[in-house]
Amino acid sequence: MGLRDRLLGTTYPENDVVPRSAAEVRESLLAIDGTDTPYRIRKANPSEKADVVAEWWIPPRSSTREQVDRRLRIRMRLDPHGREVRILQEQWTSTRQGLSRSHGYSRGWGFAVEREWAYERGPDGRRRKVETYRLDTRDMRNTLRKVVLSAGWTWRGVFRL
């Protein structure tokens, strides 16, 4: 694993895993989509230049002064000859604070983590810190990568599909 692989987030499967067919990998990825996941996984449209798309729209939280609307999309193209899934990760953000607004776009490997904490009394009567909100955009990418690697395929980050 070289420097380029690290920068792009390329991960290789274990040597003892038997590679599955492209159709099985596609079906495994689509099977992740369910009611208990906050993101949606679907077959890609022809204009998206991909085979499978995972999208996560994170609505703004009303409990904070600054409202951040975030959308994360991972486009995946399956290459059956190289037994690899090429991914392109994109993220859009829109921030509102009072009357000011700002928009952002990023492409490539990256993540965002947000956490909120509150203090409450524990069963022993002592004050303790409790996590009330957690958001980590790596949750979606790590789940997808785990499915691809368990199918014996390589997870390869790219800058364009």
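Predicted model: local features only at pLDDT ≥ 70, side-chain atom pairs only at ≥ 80, totals over all residues.
User: What is the secondary structure of the protein chain?

Analyst: The protein chain has three helices and eight strands. Along the sequence the pattern reads α-α-β-β-β-β-β-β-β-α-β. The C-alpha atoms fill a box of roughly 55 × 45 × 35 Å along the principal axes.

User: How many residues does the protein chain have, and what share counts as buried?

Analyst: There are 161 residues, and 40% count as buried. The chain exposes about 10,300 Å², with carbon and sulfur atoms supplying 47% of that area.

User: Why is T95 called buried?

Analyst: The relative accessibility of T95 is 17%. Buried means under 20%. T95 therefore counts as buried. This residue is found in strand β4.

User: How far is T95 from V147, in sequence and in space?

Analyst: The two are 52 residues apart in sequence. In space, C-alpha to C-alpha, T95 and V147 are 33 Å apart.

User: What makes T37 buried, and where is its place?

Analyst: T37 has 17% relative accessibility. The cut-off is under 20%, so T37 counts as buried. Its place is in the loop between α2 and β1.

User: What does the side chain of T37 reach, and why does that count as a polar contact?

Analyst: The side chain of T37 reaches the backbone oxygen of Y39 at 3.2 Å. A polar contact needs N or O atoms within 3.5 Å, and the T37 distance of 3.2 Å meets that limit.

User: Which residues touch the most other members of the largest nonpolar core?

Analyst: That core has 27 residues. L29, I41, M76, V85, M140, L144 and W153 touch the most other members. At least two residues each come from α2, β2, β3, β4, β7 and α3. The largest share, five residues, comes from α3.

User: What is V85 in contact with, beyond its neighbours within four places in sequence?

Analyst: V85 is in contact with V25, M76, R77, L78, V148, W153, T154, W155 and R156.

User: Which residues of α2 are buried, and what covers them?

Analyst: A22, V25, S28, L29 and L30 are buried in α2. Their cover includes β1, β2, β3, β4 and α3.

User: How do you know that β2 pairs with β1 and with β3?

Analyst: Strands pair if DSSP finds at least two bridges between them. Four bridges join β1 to β2. Seven bridges join β2 to β3. Both counts meet the cut-off of at least two. β1 and β2 run antiparallel, and so do β2 and β3. R42 stands opposite V53 in β2, while A54 has I74 in β3 as its bridge partner.

User: Why is β2 described as mostly covered?

Analyst: Six of the seven residues of β2 are buried.

User: What makes E90 and R73 a salt bridge?

Analyst: Their closest N and O atoms are 2.8 Å apart. The limit is 4 Å, so the E90 and R73 pair qualifies. E90 lies in strand β4 and R73 in strand β3, so the pair ties together parts that are 17 residues apart in sequence. Both E90 and R73 are buried.

User: How many salt bridges does the structure hold, and which residues join into one network?

Analyst: The structure holds twelve salt bridges. Salt bridges that share partners join R42, E48, E55, R71, R73, R75 and E90 into one network.

User: Why is R128 called partly exposed, and what about E120?

Analyst: R128 has 40% relative accessibility, so it counts as partly exposed. E120 has a relative accessible area of 38%, so E120 is partly exposed. R128 and E120 form a salt bridge, with the closest N and O atoms 3.4 Å apart.

User: Are D136 and R138 buried or partly exposed?

Analyst: D136 is at 7% relative accessibility and therefore counts as buried. R138 has a relative accessible area of 27%, so R138 is partly exposed. Their side chains meet in a salt bridge at 3.0 Å, N to O.

User: Where does R156 lie, and what joins its side chain to E84?

Analyst: R156 lies in strand β8, residues 154-157. A polar contact of 2.7 Å joins the side chains of R156 and E84. Beyond neighbours within four places in sequence, R156 is in contact with residues including D5, T10 and Y12.

Technical notes: Residues numbered from 1 in each chain as written. Heavy atoms only, no water. Core = buried A, V, L, I, M, F, W, Y, C linked by side-chain atoms within 4.5 Å. Buried < 20%, exposed > 50% of the residue type's maximum accessible area, 1.4 Å probe, protein only. Contact = heavy atoms within 4.5 Å. Polar contact = N/O pair within 3.5 Å; in protein donor to acceptor, adjacent residues only side chain to side chain. Areas by Shrake-Rupley, 256 points an atom, 1.4 Å probe, with all protein chains shown as cover.
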